[in-house]
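Subject: Structure for your review

Dear colleague,

Please find below the structure I am handing over to you. I would be grateful if you would look at it alongside the notes that come after it.

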Amino acid sequence: MSTKRITDLPLPSLPPEEQARHDYLCGIVDNQLSGFIAMADALAEIQESRSYRYEANSFSSFCFQRFKVSRAHAYRLITAGTIKKSPVGDQITNEGQARALAQVPEADREQILEMASAAGPVTAASIESAHATIVENASQTLPDRTSKPILAPEIDSEGFEIPEGSLPYWHRRSHIKELMQTVSDVKRDVKAAFEGKEWVGTLSNYQSCMTALSNAHNCLKFCMPYTVCTSCNGVRPQKCTHCRGAGMLSEQMWKITPPEELKAFRAKNLKAKVV
Ligand SMILES: [Zn+2]
């Protein structure tokens, strides 16, 4: 006796009122999938031309008043549109994929898409997973001591070689920079809103808001790798109380924490190595 699989059975018809609603919902999804690049381009032009100023005092206020979306979401859409127009854009079919791909180095995008598609449908999650695999593989690759290295070692801002185990943290520099830029943009928009008397009811909070944003910017600056940690030298930093596991020091930390003698000692060693 043959058994019919569920996929062989004829599909039921939806009642007309449910069918209409179903078609309407599918239309929304279709429009989002095919239309996000047009939406991203439009937002980018409004932001670049500053035409939003005819409706609001800042891009942030405009996005919220006109479209009920945050400024951050608008920028995410703009970034997604940029990825869609890049060389890998024809492999991108939705905004989530583009946003995930925007977070990875441009040089790795092709390979990441190949890895993601080999594992199944390409989704934001599979792109993130492929990126994590590449970063992990890079950190576990031991240098080949039998032959000359093909790639030049990465060097920090003081000329020291960054240990491979620390590289994943160093590779987050662009993300930290992006976050710092976001805070700066928010600060600029708040200032513009204040000067345009847009938030009259909250004028008394303006200064504390600006101070909080400056502090946030400064905190992020402390996370930005500048030089290899002077205590653990970036090797097995997990237990290092100086860099707290990061294997690096920010520029501010480098300026204030290591004793001058230690800095001089490292510089001397570096000079000897170069000679
Ligand atoms: Zn350390």
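The notes below go from the chain as a whole to its cores, its helix pairs and a few individual residues.

Please bear in mind throughout that this is a predicted model.

Overall organisation

The chain contains 11 helices and two strands. In sequence order the elements run α-α-α-α-α-α-α-α-α-β-β-α-α, with the two strands being β1 (227-228) and β2 (248-249). Of the chain's 275 residues, 19% count as buried.

Nonpolar cores

The largest nonpolar core comprises 24 residues, and A40, L77, L101 and I127 have the most contacts inside it. At least two residues of this core come from each of α1 (16-49), α2 (59-67), α3 (71-84), α4 (95-102), α5 (109-118) and α6 (124-140). The greatest contribution is that of α3, which supplies six residues. As general background, nonpolar side chains in soluble globular proteins tend to be buried together.

Once its neighbours within four places in sequence are set aside, L101 is in contact with I83, V88, I92, R109 and I127. A separate core of nine residues lies apart from the largest one, and includes I162, V228, C243 and M248.

Helix packing

Two packed helices are described by the angle between their axes and the distance between the axes.

On the α3 side the residues involved are R76, L77, T79, A80, I83 and K84, and they meet E95, A98, R99, L101 and A102 of α4. Sorted by class, this contact has six nonpolar, one polar and four charged residues.

Next comes α4 with α6. These helices pack at about 20 degrees, with axes 8 Å apart. Angles under 35 degrees count as roughly parallel, so α4 and α6 are roughly parallel to each other. Their crossing is right-handed. From α4 the contact uses G96, Q97, R99, A100 and L101, and from α6 it uses A124, I127 and E128. The class make-up here is four nonpolar, two polar and two charged residues.

The remaining pair is α5 with α6. The two axes come within 8 Å and cross at roughly 115 degrees, and this crossing is right-handed. Q111, I112, M115 and A116 of α5 make the contact together with S126, I127, A130, H131, T133 and I134 of α6. By class there are six nonpolar and four polar residues in the contact of α5 with α6, and no charged residues.

Individual residues

Two residues carry a positive phi without being glycine. What is the phi of K68? It is near 60 degrees. K68 sits in the loop between α2 and α3 and counts as exposed, because it has 8 C-beta neighbours inside 10 Å. R236, likewise not a glycine, has a positive phi of about 45 degrees. R236 belongs to the loop between β1 and β2, and its 13 other C-beta atoms within 10 Å make it partly exposed.

Two pairs of residues that are separated in sequence may also be of use to you. Q91 is located in the loop between α3 and α4 and counts as partly exposed, having 16 C-beta neighbours inside 10 Å. The C-alpha atoms of Q91 and S117 are 9.8 Å apart in space, while the two residues are 26 apart in sequence. E110 is part of helix α5 and counts as exposed, with 12 C-beta neighbours inside 10 Å. From E110 to V88 the C-alpha separation is 6.5 Å, across 22 residues of the chain. V88 is also among the residues in contact with L101.

Yours sincerely

Definitions and conventions:
Residues are numbered from 1 along each chain as its sequence is written. This is a predicted model: local features need pLDDT of at least 70, side-chain atom pairs count only at pLDDT 80 or more; totals for chains, interfaces and linings use all residues. A nonpolar core is a set of buried Ala, Val, Leu, Ile, Met, Phe, Trp, Tyr and Cys residues joined through C-beta atoms within 7 Å. A residue is buried if 20 or more other C-beta atoms lie within 10 Å of its own, exposed if 12 or fewer, and partly exposed in between; C-beta atoms are placed from the backbone. Helices (H or I, at least four residues) and strands (E, at least two) are DSSP runs, numbered from the N terminus. Two residues are in contact if their C-beta atoms, placed from the backbone, lie within 7 Å. Axes are lines fitted to C-alpha atoms, for helices over the stretch in contact, and angles run from 0 to 180 degrees between N-to-C directions. Angles under 35 degrees count as roughly parallel, over 145 as roughly antiparallel, 65 to 115 as roughly perpendicular and the rest as oblique. A crossing is left-handed if the near helix is turned anticlockwise from the far one by less than a right angle, and right-handed if clockwise. Ala, Val, Leu, Ile, Met, Phe, Trp, Tyr, Cys and Pro count as nonpolar, Asp, Glu, Lys and Arg as charged, and the others, Gly among them, as polar.
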